[in-house]
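Colleague: Could you take a close look at one part of this model for me, the place where the chains meet? I'd like the whole story in one go.

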Amino acid sequence: MSHPQRTGVIREYDMHSPSVRAGYGVILFLCGIMVVIALFPLVWVILAGFKDLKEFVSSTSILPRSFDIQTFVTTWNQLGIAKNYLNSFISVAGSVVCALIFNGLLGYGLGILKPKGYGVVKKLVMLSLLMPTTISIVPLFMNIQKLGLGNSFLPLWLSYGANAMYVILFVQFFESLPSSIIEASRIDGCSQLQIFFRIVLPLSKPICSVVAIFAINAAWSDFLLPYLVLRGGELQTVMVRLFVFSTEQTVNADAMMRSVVFSMIPPIILFFIFQKQLTENSVSVGIKG
Amino acid sequence: MDGKSTRARRRGKTGENIKSWLIMLPGLLLMTFFVWEPLFESIRMSLYKTRNVELVRYIGLDNFISVMSKDDFLQALTNTFTYTFWSLLIGFGLPILLALLIGETRRGKGFFRTAAYLPNMLPGLAVIILWSAFFSGEKSGVLNILLGRLGVPPQSYLTNYRLVIPIIIVIATWKGAGATALIYMAGMSGINAELYEAAAIDGATVWQRVVHILLPAIRKLAGTLLILQIISVFQIMYEPMVLTKGGPDNASLSLMQLMWQYAFGGSMNYGKASAVAVIVTVILLLMTAVYSYFNRKESDWD
Amino acid sequence: MNRLLKNVSLVLVLCLLFAALPAGMAEGAVDPDLTCTITLGNWPADTAPEAEKALFEGYKATMARLYPNVTLVPDYYSYTLSNYVPMAKGNTAPSIFQPPFTDPQLLISQHLVGDVTDALEAYGVLDKFSPSYVEMLADENGRIYGLPRDGYVLGMHINIDLFRQAGLIDEEGLPIYPKTLQEMAEYGQIIREKTGKAGLVFPASETYGGWLFTNIAWNFGCVGDSALEYQDEDGRWVCNFTSPECVKAMEFMRDLKWKYDILNADATTTDWAGAHSLLGTGEAAMNFAADDSVDQPTANKGLPVEDFALIPFPAGEAGRYALAGGTCYMFAPNITKDQGIALMAYLQVIGKLPFLNDEIIAGMRADYAAKRDRGAPVLPAISAWTDEEYNAAKQAIVDEYCNVDMRLYRDFFDSLSEGTITLKSEEPVFAQQLYRELTAVIQRMITREGADVMKALQKAQDSFQEYLDDEINDY
């Protein structure tokens, strides 16, 4: 079996040298430490979730006294997290759809159609990439209130349709598509929208999946705008709930740790499903971005 | 060329332009509503005395003068630069090192990559709450438990004004360094392996190859990531907000957090909040401009 | 048997009392055909305990029976200053909501809340307000904008177990507790030495530290001419943190850390709930806290009621004050006269006006029974009304459900009824901002050994004065 060309600095024949072999041992050791540091906090928070309040506040042991899964079940039920999960899923689903459609269409316009005057818009989008979204959160929140969109998912969904980074990702991808295909379909008499849905979209699966994963993760983790928009109401998402716990102090520290665990489960599942796309595709996208 | 057909084509072109703009319209409307108009509104509000959400009267730069003359602004500005300093010290080199290490492993590379990326997937808020238990000053704080095993008495972390900012940066680095490392890895994998082979034949040690081939090859990427990192750490807000509330005695207060405090922290002074927001924006734009200036110069040399 | 008899006789007494109460006086004030719609903030969310939801559904049913044309719209809104203001401006605020007592004056001065004076008068309860509440909830013309929901008085929570371990216990098994702040520091030291736990938990994060500190400062003499906040002859609001009294109080805070070393490890990040956690789990022996949060260390954090005591706020060298405050009901700025009346009717139904009826009594009983079951102390509530009959009747019900050794609470309640402690409401204007400034000073004192008290207070004073000038003086 032939290996693909190795990319590392250390070459095959270097391994014959004892000092390089020792160095390689050090590399493996350091990588091991990295794995421990990356994973220990995660393992720890799960262990901490098994502790009761007294144990969490007083115990000087990493391991809990008992591993009763019932503690998690009780907290899940008491805090009614299921409802928040549902809200989060609704919020995430709408956000992903908006992120793909609206940013995709805008990216299509800026990357392929390029109508007269598109350059100004493209510059504006590039510039907004630098602007922190939290900077304009005050007037944005006021606008949402004025339109009576408070306590609804709609503004949150739509806010993902206005993401400068996703637009730029789409533009860069579309620009890399061979223009001959698009030109050919144009001659075949396809309208611009037809070209988008029949030609461009099918070719854009990699970028769509990357934007979708980014959007899912961002929408799941988001809490500042959702906190302001969803108020203390029925539609609170998991992260809004966690933020409320941390500011309004209605939940004990042990239940808080279990809530942290609950908030991490979906992203971790998502991560293991899309591991490859995340650690490979999104990286190459990230480089261009 | 026949005049008629040119006109027809031009008309067709105009029609196509209109259609294209129509396709972009929904996205443009959303960008306007969620990004551009609020940004414009921020700038406008920063020039007015506000009473709740109303603009009372135009006061020129008074909000800026009032905000900037206060001690907490100076403290927040200094802190924000301190955040940036620690972030560069702790968080800039580490991803490069990680990328180098993981890139050299011959077996288990996928596993290492996965482990490095995982923290980046976790919700930022959950990460902060999780780590707050690590840095608790009680005997039950995780770090104190671990130090206790080594015979070290319990230490205080979040109440130590010298340590809070580095601690927050450590947490942010834990979350982000792995993902950044993967970007570097992709950059490193683009280096032609023949360069290493050739250098090896010329007798270059592994270390020399790293210094003379690998590092120069990722210099441009590192520059881009550097500016992105500075921009992102400059906006640090919810981490200190949740972890220390900006304390002790404003030792971890960031500029964006100051903005949030003006707006939602009880004084509801949206004019002053906007003034802080505009100041942060201007600083970010300046830094980006400086960066692209040097970047262009460098490209000229290439 | 004896106990049963006692209970039965109590019930009898109660019945007699209620028969004597002017029943239905208020209901006559309301036209049963009253027609309007009111939205009700703080309605229990779907995730709230079943009992709470049922209680509110019950209120709704009662309202529907008494006033069929009044439409109730439940709103899950819970008030924070930041979320309220845009709603008030956008006319989307619920008709009734519950801010803490620190905010009414701000909201009133900014015209963000509705006037209910006429509605109160129609109900005949205007004169039964405790005067301090009238002061808190009215504007300068005496118009009233809010009603007290519940009041609290600051005192000190005690973990008796730690006092016992430190030998601070008398022959009767009662804790020997500090009567003065000085004793508090000394006892705290003993507890620290004997048990290794914190003598005092001081939640010095965000605004809590400043909040508690104002009470300490009053006891050091920051009242009258040395008040932290006052209005000068020209009506200008002035703050004064640099009086000798305030400096002394702040030096005391510094000493708690560096001289006596009785504070918990992470004081500057400890919040209200964190403080209760530490006391409840036996990591700290004393906590400045109020009578309305006695369920926190006990039922919520696991301290058995027999190991818990509530004592009066320790006296200082120049005074014996206790901060009194609470939560109130306030109303949307755009409510109509009819809505005002309907809201009063609703408040009567939920038992927040000084009238008792079977349902309210049943509600109180259910509440106390639930508290007892959860392991929370059942204590008399401090009334926000001056109606004697009403107060006595309520006390009788509390006695029925009492699950604690009242000796552990006697001094606290006696100090209130005998007037040995002076109740004082929060500093009059922009209290939250004042707390924020003072918290920063406290944080500086307890994180930097040898910090300059005067300099830090001067800085906070300048900063808060500028804030006052900006917000009211130059308006």
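Modeller: Starting with the chain–chain interface, 91 residues of chain B are in contact with 103 residues of chain A, contact meaning heavy atoms within 4.5 Å. Bear in mind that this is a predicted model, where local features need pLDDT of at least 70 and side-chain atom pairs count only at pLDDT 80 or more, while totals for chains, interfaces and linings use all residues. Residues are numbered from 1 along each chain as its sequence is written, chains are lettered from A and ligands numbered from 1 in the order in which they are written, and side-chain values use heavy atoms, with hydrogens and water left out.

Chain B and chain A bury about 8,700 Å² between them, with 77% of that on carbon and sulfur atoms; buried area here is the accessible area (1.4 Å probe) that two parts lose on being put together, summed over both. On the chain B side, B:Phe34, B:Arg106 and B:Met121 lose the most area to chain A, yet together they make up 9% of what that side buries.

The rule finds 2 salt bridges across the interface of chain B and chain A, a salt bridge being a side-chain nitrogen of Lys or Arg within 4 Å of a carboxyl oxygen of Asp or Glu. A:Asp14 and B:Arg209 form a salt bridge through their side chains, at 2.6 Å from N to O. There are also 18 residue pairs in polar contact between chain B and chain A, both residues at pLDDT 80 or more. For that term, we want a pair of N or O atoms within 3.5 Å; within protein, one must be able to donate a hydrogen and the other to accept it, and residues adjacent in sequence count only if both atoms are side-chain atoms.

As for which element does the most, helix H1 (residues 3–45) of chain B gives 22 residues to the side that touches chain A, the most of any. Helices here are DSSP runs (H or I, at least four residues), numbered from the N terminus. By class, the chain B side that touches chain A has 64 nonpolar, 14 polar and 13 charged residues. Ala, Val, Leu, Ile, Met, Phe, Trp, Tyr, Cys and Pro count as nonpolar, Asp, Glu, Lys and Arg as charged, and the others, Gly among them, as polar.

Definitions and conventions. Helices (H or I, at least four residues) and strands (E, at least two) are DSSP runs, numbered from the N terminus.
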